[in-house]
Amino acid sequence: MPIFALTKFNDNVAYFLYCGYHARFYIKRLFIMVKKFSFQVLVVSLVASCGLISCNRATLEDRAEEQAKDFTERYCPTPVQGFQRTDSVTFDRATLTFNYYYLLTGDADNNQIISKMRPKFHTALVDDLKGNTANKAFKDAGYSFHYVYRSEKTKETLYEETLSKKDYQ
């Protein structure tokens, strides 16, 4: 019995030594493969994220043009509120200027009233622009904002003003 036990013991040791060598070899190979795979995944994910970030990166001018176009297509002409309605919004890349076109109706459609109210009109536009957080990025970049108010009856321009950075900051 001791010989059998010794033989069994020797077989098991030999088996474990054999498996141990191969197991270490396979574990080492597996570790190298995982390391390479992790590096490849890291590189691919970095390249993909850089690609996605750069694809969605539009210039501020592109964003301004898109917002103006989108607003006009979705909402213009707006319903009349406070004797005015927004006809359209455009963006001029050459001058970095938003152009807002309004139509005055009812009691506000009067050239004499508009002439008398010019200083208040100017103050109201500046205050509105200063408080407008939607245009913060454009204001920070120094864009201008041009407002044109036209008469519903005569179609002539009753009031026109451009506000630049010095006006709203």
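On a 1 Å grid over the protein atoms alone, a pocket is an open set of points where a 1.4 Å probe fits, with protein on both sides within 12 Å along at least five of seven lines; lining residues have an atom within 4 Å of a point. A volume is the space filled by probe spheres set on the points, which are joined across faces, edges and corners.

This is a predicted model, where local features need pLDDT of at least 70, side-chain atom pairs count only at pLDDT 80 or more, and totals for linings use all residues. Residues are numbered from 1 along each chain, and side-chain values use heavy atoms, leaving out hydrogens and water.

**Exercise 1.** Describe the largest pocket and its lining.

Start with the space: about 430 Å³. Next, count the lining, which has 20 residues, with Phe71, Val89, Tyr100, Tyr102 and Asn132 nearest the centre. Then look for the top contributor: strand 1 gives the most, four residues (strands are DSSP E runs of at least two residues, helices H or I runs of at least four, numbered from the N terminus).

**Exercise 2.** Work out whether phenylalanine 138 is buried or exposed, and what it touches.

Now for contacts (heavy atoms within 4.5 Å): beyond four places in sequence, its partners include Leu60, Arg63, Phe98 and Tyr168. Finally, check arginine 63: 75 residues away in sequence, yet 9.6 Å from phenylalanine 138, C-alpha to C-alpha.
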